[in-house]
Amino acid sequence: MHPIIRLVNRNITISLNPGFLIWQVIFPLIYIFVAGFAYAPLIQHVPFGAKELDYPAFLASGMIGFNIMNSTLVSGIIIWNDRRHGMFEQIMSGPFTRSHYILSNICTIGIIGLVSASLIALVGYPVFFESVEFSIITIPVIVFGAITGSVLFGSLASIISTRLRSSEGFNVIINTVFLFFAFVSSAFYPAENVPEPLRTAFYLNPLTYLVDVIRAGIFGNITEFVIVEMLVLVGIASILFVIASKLLTKLDF
């Protein structure tokens, strides 16, 4: 078996524990079916391109991007635990290189991101099916968002895990950063109606671009601006991946 495949299998095995699976399923369900319908009487319609979406449909599609980001915490947690428990030395003493380790982490978060996106899309489909406009590019756009978002946020989590040594610092920083990304984005509410300077902060947040791209694929609203957002996602993901890779190759375990 190829070393990368062996490491991916190991990463998925240690990541997919009951607690992680519950977090990945129950948390989005609460938002979609509790918060979504609780706020629906207050938020009648949400503009999205030429469409007006019900709030539950808007929120359910946003939770796909949110869950992709949330699942990539796995990358940082794996690296942190490997450093903390001396697993790096054991892995490097086997038939593995640092390149194998880096690529296996990227493959792991890509797989988990795709599974996470598929899971929430299936769970949320009854909520937004009336507004869906599937086309030949819908699935490719969602896959693009899942992979690019996984690489982007997974690389960010990896960077954080390589720069911090205390468990308290790691938990505080990574949860604070990802909490900021979650709520200062268009995952829960449209950026168009947000006052400045908060609106600007929305568009400095890569999760906004990820959510917009996924919504565009689901609701058939691929515009020039969405294409620009896709290019921005690719650019940020590439930069963060290069930085994370260099930090991991130079890290003194």
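**Entry 1**

I began with F225, which is partly exposed at 44% relative accessibility (buried is under 20% relative accessible area, exposed over 50%, partly exposed in between, with a 1.4 Å probe and protein chains only). I kept in mind that this is a predicted model, where local features need pLDDT of at least 70, side-chain atom pairs count only at pLDDT 80 or more, and totals for chains, interfaces and linings use all residues. Residues are numbered from 1 along each chain as its sequence is written, and side-chain values use heavy atoms, with hydrogens and water left out.

Next I looked at Y203, which is buried with a relative accessible area of 19%.

**Entry 2: Counting ring pairs**

My rule was that rings of Phe, Tyr and Trp (its six-membered ring) pair if their centres lie within 6.5 Å; planes under 30 degrees apart are stacked, over 60 edge-to-face, and the rest tilted. I got 11 aromatic pairs this way. One of them is F178 with F181, an edge-to-face pair at 6.3 Å centre to centre and 75° between the planes.

Why are F178 and F181 about one helical turn apart? I found them three residues apart in helix α8 (residues 167–183); helices here are DSSP runs of H or I with at least four residues, numbered from the N terminus. F178 is buried at 4% relative accessibility, and F181 is buried too, at 12%.

**Entry 3: Back to Y203**

The ring centres of Y203 and F225 are 6.1 Å apart with planes at 70°, so I noted this pair as edge-to-face. Y203 is in the loop between α9 (198–202) and α10 (206–219), and F225 is in helix α11 (residues 224–250), so the pair ties together parts 22 residues apart in sequence.

Key
Helix = DSSP H or I, 4+ residues; strand = E, 2+ residues; numbered from the N terminus.
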